[in-house]
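Keep it brief, and give the cut-offs.

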Amino acid sequence: MKTLRQQMLDELGDKAMFEQATLYAYQYLDHLEEGRVYPSADDLEELSTFQEPLPDQGTDGKAVLEQLYQQGRKGTVQHTGGRYFGFVNGSALPVTLATKWLSDVWDQCGGLYLTSPINAQLEATCERWLVALFGLPPETIAGFVSGTSMANLCALTAARYHLLQRQGWDINEKGLAGAPPIRIIAHEQVHASIRKTLALLGFGQQQVEWIPSDEQGRLVLDSLPVLDETCMVLLQAGNANTGAFDPISNVCTLANKVGAWVHIDGAFGLWAAASKKLQYLTTDLAQASSWAVDGHKTLNTPYDSGIVLCRHPDAMMTALQASGEYIIYSDKKDPLLTTPELSKRARAIELWAAMKYLGRKGIDELVTTLHLRAQQLAKGVTLAGYELLNEVVFNQVLVGTTSDDRMEEILQIVHNSGTCWAGGSYWQGRRVMRLSVCSWRTSQSDIDQTIAILQQALATTE
Ligand SMILES: *Cc1c(COP(=O)(O)O)cnc(C)c1O
C-alpha cells in the first residue's frame, strides 16, 4: 500500500491529474459560445451528486476532478462569455486567467511582504498605476480585497476612525459606545453593500440622514443637508440599475469646505475615469477622501478582486492595524496594513497582469467598448418595442414593458432560452429587466442575438 504522501508525490510527479484539468479547462473555454449561458433545470438536478455524506475512504484525485467536471460544470454560470448580462458580473481577460493559473501553483499567502514579496511588490505597483489612472492625489494608498463590499468596509472604517479622532476620540481605544456623533449622509439608491457596511460598523439605518435620489438614481443636490466636519457623505459612481453617477464635483466642493469625508462607491463605474470619452462622468473624483472599485467587474479580472483607495494613509492604517508578536512587518508596505484580513489571496497578480496587458490605451478601449455595446443594446430593445428606462451613460441598460406580469414572463423566456441571461429588478415600483454589459467578449453579434430573443419574448407574451 502506498502512503498518502507517496500518492501525492506521484500525482505531482506524473502530472496526469494536471493534464486532465488542463484538458477540461480547454474544453470549457472552447465550448463557451455553444453552451447555455445559464444552467437548465436538468443541469441543476445533477448537482444532487454533491449531496453525499463525507466519505470514509478517500477518492482518487482524477475521480475527484472528473466529478467536478462532469457534474459540477453543469452548475456554472458562463459570465465569461459574451451574452451574460446579469448583475454586474465581469468576464476574465485571457491573460488574467493564465497568470492566475500560474500563481495558483505558487499559492502565495499575500498578507505580508515576508510571506510573499512578489504580491507585496505587485500591490505597490498596482497602487501607483491606479492612482495615476484615476488621477487621484499622490498620497493615496490602496488595499487589495475581495470586492467592493470589502473595499467599502475598509474605507468607512478609516472614515469612522478619522472623524472621531478629529473630535478627540480614539475609537481603537475607547470603542463606539459613548463616542461623539458621526453624521452619515446617504441617498436612497446606495448599494446594498453600503447598508451592510454601516451595520458592520455599528451604524443603524435610523442614524443615516437619507436624502432623495432623482429619476436616474442620482443624489439630489438640493436635498443635501448643511455639512460639517463630522459628516461622512456616501456617493456612488455607477448606480447598479441605471449606471448613473452622483454629482461628485458639487458634493466634494461643499464637503471640502467643512472637512467632511466623501466616500465614492465606484464598484464598476470608477473605470469611467479611464475612458477619454466617459471621464466627464467622474469630474473632480480626486476631491473625495476614499474610493472603492472592483477589478472583477469592468476591468475583467477573475474573481475575486476589489480595491480600496484612501487619501488618508494614517487613518486607514491605524483603523485597520494588526499587531501580534509573530507579525513581522517589513520596511515595505505590508499588504495587511490596508485590509481586514491577515492571510489572503495574492490577488494583485491578476490585477497587475490585466493593467500591464492592456496599458492605458487598452483600458480606455475596454471601458469605452462596453459603453458602446450598451448603447447598441439600448437602441435594439427600443426598436424591438421595449421601453428604455435609463439614460445609458455607462454600461447598464434598464428595460420595461407594459406590465409587471408580462416582464416576469419575459424574464422566464429569456432564462429558459439559455442564449443569454439578464437580471430582473425593480425600478420605481416597476418590474424591470436589467442588462449589464460587462464582458470584453461581447460582440455586435452577441447583442443582435440577445435582441432577437428579447423581441421573440415580447411577441409571445402579447
Ligand atoms: C457590485 C457592487 C458592489 C459590491 O461589490 P462586490 O464586488 O460584489 O463586493 C458595491 N457597489 C456597487 C455600486 C456595485 O455595483
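K15 sits in the loop that links α1 (4–14) to α2 (16–30). Helices and strands here are DSSP runs, numbered from the N terminus (helices are H or I with at least four residues, strands E with at least two). K15 is not glycine, yet its phi is positive, near 65 degrees. Most residues other than glycine have a negative phi, and most peptide bonds are trans. The peptide bond from Y303 to D304 is cis, with omega near -10 degrees. D304 belongs to the loop between β7 (290–294) and β8 (306–310).

The model is predicted: local features need pLDDT of at least 70, side-chain atom pairs count only at pLDDT 80 or more, and totals for chains, interfaces and linings use all residues. Residues are numbered from 1 along each chain as its sequence is written, and side-chain values use heavy atoms, with hydrogens and water left out.

**Ligand surroundings**

Which residues surround the ligand? They are G147, T148, S149, H191, S193, G238, D265, A267, F268, D294, H296 and K297. A residue counts as near if one of its heavy atoms lies within 4 Å of the molecule. Polar contacts are pairs of N or O atoms within 3.5 Å; within protein, one must be able to donate a hydrogen and the other to accept it, and residues adjacent in sequence count only if both atoms are side-chain atoms.

| Residue | N or O atom in | Distance |
|---|---|---|
| T148 | backbone | 3.0 Å |
| D294 | side chain | 2.7 Å |
| K297 | side chain | 2.9 Å |

**Helix packing**

Two packed helices are described by the angle between their axes and the distance between the axes. Axes are lines fitted to C-alpha atoms, for helices over the stretch in contact, and angles run from 0 to 180 degrees between N-to-C directions. Angles under 35 degrees count as roughly parallel, over 145 as roughly antiparallel, 65 to 115 as roughly perpendicular and the rest as oblique.

Start with helix α7 (residues 148–165) and helix α9 (residues 192–200). Their axes come within 9 Å and cross at roughly 45 degrees. The pair is therefore oblique. On α7, the contact (heavy atoms within 4.5 Å) uses S149, N152, L153 and L156; on α9, it uses S193, I194, T197, L198 and L200.

Helix α12 (residues 348–384) packs on helix α14 (residues 444–460) at about 25 degrees, with axes 9 Å apart. These two are therefore roughly parallel. The contact joins R373, Q376, L377, G380, V381 and A384 of α12 to Q444, I447, T450, I451, L454, Q455 and L458 of α14.

Helix α13 (residues 404–417) also packs on α14, at an angle of about 135 degrees and with axes 9 Å apart. That angle makes α13 oblique to α14. Their crossing is right-handed. Here R406, I410, I413, V414 and S417 of α13 meet I453, L454, A457, L458 and T460 of α14.

Technical notes
A crossing is left-handed if the near helix is turned anticlockwise from the far one by less than a right angle, and right-handed if clockwise.
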